[in-house]
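Please keep the sequence and the 3D view at hand.

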Amino acid sequence: MTQSTLLHGRIVQGYRVASGPSADYPYGALDRQRSIFKSRGLDLSGYFNGTLNIDIRPKTFRMVKPELTFQHVEWTDLHPPEHFSFSRCKVIYKDVEYGGWVYYPHPETKLRNFQNPSLLEVIAFPIPEINYGDEVDVMVNAEEIEVSMSAREGGPP
């Protein structure tokens, strides 16, 4: 990473769609998406088959220039194709760094679940003993991900 931003957050439960099955999908989304991402240049072999949902409040983030963007990904027949972007990151848990990717399903193409701008979804290598409620640090590429304070917390809109 050229320039990086260090974020502090807490692991929270997400929609449980990535690792699935869930109420919305009879299968895990990442199971369906991995081979498509690999065919487009992103091999997620060895990474945990789910996402870490990291609440970075009071900060929010916005993808501005992701390393990878895959458009029109047809991974399910339950809704239209989606766009996904990825940016390399590092998750730091108990002073150990784990490589990963910020996983960003574009909200404009994601019909089923609200995308909270304070919730960073990360696909990382397996992290032993990590649990909901645990605090982590995440190093993101500042050239790819813009971070700001939430308007509700007194920061700029």
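The sections below take the histidine, then the aromatic rings.

## Basis

The model is predicted.

Which residues does H106 contact, once neighbours within four places in sequence are set aside? They are T69, H83, F84 and S85. With S85 there is also a polar contact, side chain to side chain, at 2.7 Å.

## Aromatic pairs

The aromatic pairs number 9. One of them joins Y47 and F125. This pair is stacked, with 4.0 Å from centre to centre and 20 degrees between the planes. Planes under 30 degrees apart count as stacked.

Where do the two partners lie? Y47 is in the loop between α1 (29-39) and β2 (52-55). F125 is in the loop between β7 and β8 (135-141). The pair therefore ties together parts that are 78 residues apart in sequence. Y47 is buried, at 15% relative accessible area, whereas F125 is partly exposed, at 34%.

## Aromatic cluster

Six-membered and other details aside, one aromatic cluster is formed by F37, F70, F84, F86, W101 and Y103. F84 belongs to this cluster, and F84 is also in contact with H106.

Conventions. Residues are numbered from 1 along each chain as its sequence is written. This is a predicted model: local features need pLDDT of at least 70, side-chain atom pairs count only at pLDDT 80 or more; totals for chains, interfaces and linings use all residues. Side-chain values use heavy atoms; hydrogens and water are left out. A polar contact is a pair of N or O atoms within 3.5 Å; within protein, one must be able to donate a hydrogen and the other to accept it, and residues adjacent in sequence count only if both atoms are side-chain atoms. Contact means heavy atoms within 4.5 Å. Rings of Phe, Tyr and Trp (its six-membered ring) pair if their centres lie within 6.5 Å; planes under 30 degrees apart count as stacked, over 60 as edge-to-face and the rest as tilted. Helices (H or I, at least four residues) and strands (E, at least two) are DSSP runs, numbered from the N terminus. Buried means under 20% relative accessible area, exposed over 50%, partly exposed in between (1.4 Å probe, protein chains only).
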